[in-house]
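Dear colleague,

I am handing over the structure we spoke about, and I would ask you to keep it open while you read the notes that follow it.

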Amino acid sequence: MSSKQTIGVAGSGAMGSGIALVAATAGHPVLIFDANPQALEKAISSISDIVSKSVAKGKLTEDAGQQILSRIKTINSVGEFSPCNLIIEAIVENIEIKKSLFKSIEAVVDTSCILATNTSSLSVVSVASACQNRGRVLGIHFFNPANLMPLVEIIPSFTTDENTVSQARAMIDSWGKITVLAKDTPGFIVNRIARPFYGEAIRIYEEGIADFATIDWAMKEFGGFKMGPFELMDFIGNDINYKVTETVWEQFFYDPRYRPSLTQKRLFEAGLFGRKSGRGYYNYESNSSMPEPVKNEYLGKAIFTRVLVMLINEAADALYLKIATASDIETSMMKGVNYPKGLLKWADEMGVDKVLAALNSLQADYQEDRYRPSLLLKKMASEKSKFFNN
Ligand SMILES: NC(=O)c1ccc[n+]([C@@H]2O[C@H](COP(=O)([O-])OP(=O)(O)OC[C@H]3O[C@@H](n4cnc5c(N)ncnc54)[C@H](O)[C@@H]3O)[C@@H](O)[C@H]2O)c1
């Protein structure tokens with residue numbers, strides 16, 4: 001696929017507008033569609049704002065900015081997608097609505113057009129099941145904001161043709177993104193492995209071990225994370241973060257390891273979404289100040305270790321279950337959620353036996369399946385092996 005190829009974007013919300021900007025910046029003509037004409041107007045204005053800011057900062061010339069904008073055209077019906085070579089769907093997260101859209105898109109495009117879904121939590125194969133030619137459908141999962149986040153998960157389903165995967169991946173690589181391959185399973189790579197960063201932190205709070213500020217401090221101080229879990233949940237939005245957690249749990253047939261937290265559910269129900277609503281775990285109103293953490297080194301290290309071993313357990317299990325390669329798992333967590341280090345490398349540094357011992361101790365204390373160690377960690381500890389040799 002060359003930059004002359006036309007890219008279609010269905011849905012012009014937070015993700016669709018970012019994806020349209022990325023494709024147009026890479027030189028493609030872009031056709032963007034939304035069921036709501038006001039959403040289309042909003043998308044064009046937010047894309048123009050981002051381009052203007054890049055011009056003002058000297059990252060783009062005025063002329064280059066104008067060219068990017070001129071490549072993006074809004075369309076008012078699915079029928080106008082007909083010239084597209086690749087269409088990326090980023091509409092509402094609802095399987096029936098997505099399937100209906102894919103069916104109507106397939107009826108108007110060329111047989112060679114690749115169809116992708118940006119779904120975060122639905123199965124790619126279920127979206128593909130709406131199409132006659134399921135081989136042309138795959139998942140292309142961008143992170144928010146799509147124009148800034150480098151990682152893109154490429155998700156073939158059981159029915160995706162190999163050719164579709166290689167062409168789509170080459171295209172997204174050519175846009176300057178870092179692509180990883182993920183199995184069509186709940187949360188793909190990042191949204192699966194990252195769950196304990198939030199869930200275990202909330203559990204520690206619920207048990208009264210530490211408050212939000214102390215847990216955030218511990219993860220930054222001893223783990224080098226840029227943001228603590230509560231700061232990050234408030235940044236992402238507790239509505240979005242809660243929904244992802246709930247969906248991943250449901251899709252894993254209610255595996256207790258992914259069970260959501262009542263604390264976050266209550267925040268969600270109360271509309272305390274975080275920064276965007278003025279209050280979440282913290283209060284962001286102008287007259288409020290941030291609480292001070294309890295800077296106790298022993299406590300901080302214990303909190304950090306507990307969250308870290310839970311994250312490593314997820315990463316190890318994802319590797320064991322062949323969700324992705326070790327290298328793609330490391331890349332995903334560093335480029336998709338800015339972790340300071342790959343989790344498998346972290347396990348090697350800490351010692352797989354020590355990770356396993358910490359998980360075994362949690363499982364013995366709580367007697368909960370939530371803490372069950374991955375079989376891979378058990379095998380590796382008995383073999384005294386590492387994830388990487390250097
Ligand atoms: N927001 C995120 O952080 C994020 C990250 C990665 C992936 N995703 C996924 O991307 C998709 C879009 O998410 P978003 O956050 O951009 O949502 P959004 O609510 O910001 O935008 C969705 C847009 O789709 C439009 N729409 C709804 N039904 C439509 C239809 N039948 N045809 C055309 N347009 C329709 C809506 O009018 C809206 O403008 C979802 O599948 C979501 O799971 C979201």
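**Around the ligand**

Helix α1 gives the most to the shell around the ligand, contributing 3 residues. Please bear in mind as you read on that this is a predicted model. In total, 25 residues surround the ligand, and the closest of them are Gly11, Gly13, Met15, Ala39 and Asn144. The elements that give two or more residues to this shell are α1 and α4, the latter spanning residues 95–106. Sorted by class, the shell around the ligand holds 14 nonpolar residues, 9 polar ones and 2 charged ones.

**The sheet and the helix across it**

Turning to the strands, you will find that 8 of them form an open sheet with mixed pairing, in the order β3-β2-β1-β4-β5-β6-β7-β8. The edges are taken by β3 (72–75) and β8 (178–181), and each of these has a single partner strand, so one side of each is left without a neighbour in the sheet. On average, and with direction ignored, neighbouring strands of this sheet are turned by 25° against each other.

With best wishes

Conventions
Residues numbered from 1 in each chain as written. Predicted model: local features only at pLDDT ≥ 70, side-chain atom pairs only at ≥ 80, totals over all residues. Pairing = 2+ DSSP bridges. Helix = DSSP H or I, 4+ residues; strand = E, 2+ residues; numbered from the N terminus. Axes fitted to C-alpha atoms, helices over the stretch in contact; angles between N-to-C directions. Near = placed C-beta within 6 Å. Nonpolar A, V, L, I, M, F, W, Y, C, P; charged D, E, K, R; others polar.
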